[in-house]
Amino acid sequence: MPIKYALIAEGQDILAEEPLSEKQLAETSRQVLSKIERKNQKRTLTHGGVNYHLKYSGTYLYICVADADYPLRVCYAFLDDIEKSSLSNARNLKGILRSKMAHYNDPASDDITRARSQLNEVSGVMMDNIDKVLERGNRLEDLHEKTTTLKDQGKQFNRQATSLKRHFCLKHAKMTFILIVIIWWFSSSSVWRVAEASASLAAS
């Protein structure tokens, strides 16, 4: 809990404090109360890894103890708020401390903290979107590479098909030529035999 302890005092008399279970913080706060200069002021003291924020106003002293990394502006806003509330409702000081501590310990109650949280959330969404875009880009690169490979394979297939077509055309031409030669040879042989037969008959 960022604000761990708070008290309201008049002079040396403690009017209210919360929570009562924080014995060590209460003891240190009493030591501060006994030594603080009686004049209107705001100060922050550090002891035992926590900060003691105090506001002396008129005859009243307001103290809150918070974690060292808790924003100073929030602690002083808390002190201003409990001062204003206690002056208008002096009969319920413990209730005021309890409710104000709950309010200021809620990150959603602080505009800057809330805006920072929203900014972090938006940044997280943007990072996710960037990751998705990069992943999509990688997929597009893979698709482009596969398309290029398929295109190259298509060109190679066309070259092989053209070569095979030429091979069969040449083979067909050779077969046609051989067939023509055979037909011509048989035709020539037949004509030669007919001529010889005619010559023999004529000689007889």
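Does Tyr-62 count as buried or exposed, and at what relative accessibility? In this predicted model, Tyr-62 counts as buried, at 1% relative accessibility.

A pair of aromatic rings is described by the distance of the centres and the angle of the planes. A search of the whole structure finds two aromatic pairs, and one of them is formed by Tyr-60 and Tyr-62, whose rings are stacked, with 6.4 Å from centre to centre and 25° between the planes. Within this pair, Tyr-60 is partly exposed, with a relative accessible area of 26%, whereas Tyr-62 is buried. The other pair consists of Phe-78 and Tyr-104, which is edge-to-face because the ring planes stand at 80°, the centres being 5.6 Å apart. This pair links distant parts of the chain, since Phe-78 belongs to helix α2 (residues 72–88) and Tyr-104 to helix α3 (residues 93–104), 26 residues apart. Both Phe-78 and Tyr-104 are buried.

Attention then turns to Lys-55, which is located in strand β4 (residues 50–57). With a relative accessible area of 13%, Lys-55 is buried, because buried residues are those under 20%. The side chain of Lys-55 is joined to that of Asp-80 by a polar contact of 2.6 Å, and a polar contact of 2.5 Å is made with the side chain of Glu-83. When neighbours within four places in sequence are left aside, the residues in contact with Lys-55 include Tyr-60 and Tyr-62, the two members of the stacked pair, and also Gln-41, Lys-42, Leu-61 and Leu-79, together with Asp-80 and Glu-83.

How values were computed. Residues numbered from 1 in each chain as written. Predicted model: local features only at pLDDT ≥ 70, side-chain atom pairs only at ≥ 80, totals over all residues. Heavy atoms only, no water. Phe/Tyr/Trp six-rings, centres within 6.5 Å; stacked < 30°, edge-to-face > 60°. Buried < 20%, exposed > 50% of the residue type's maximum accessible area, 1.4 Å probe, protein only. Helix = DSSP H or I, 4+ residues; strand = E, 2+ residues; numbered from the N terminus. Polar contact = N/O pair within 3.5 Å; in protein donor to acceptor, adjacent residues only side chain to side chain. Contact = heavy atoms within 4.5 Å.
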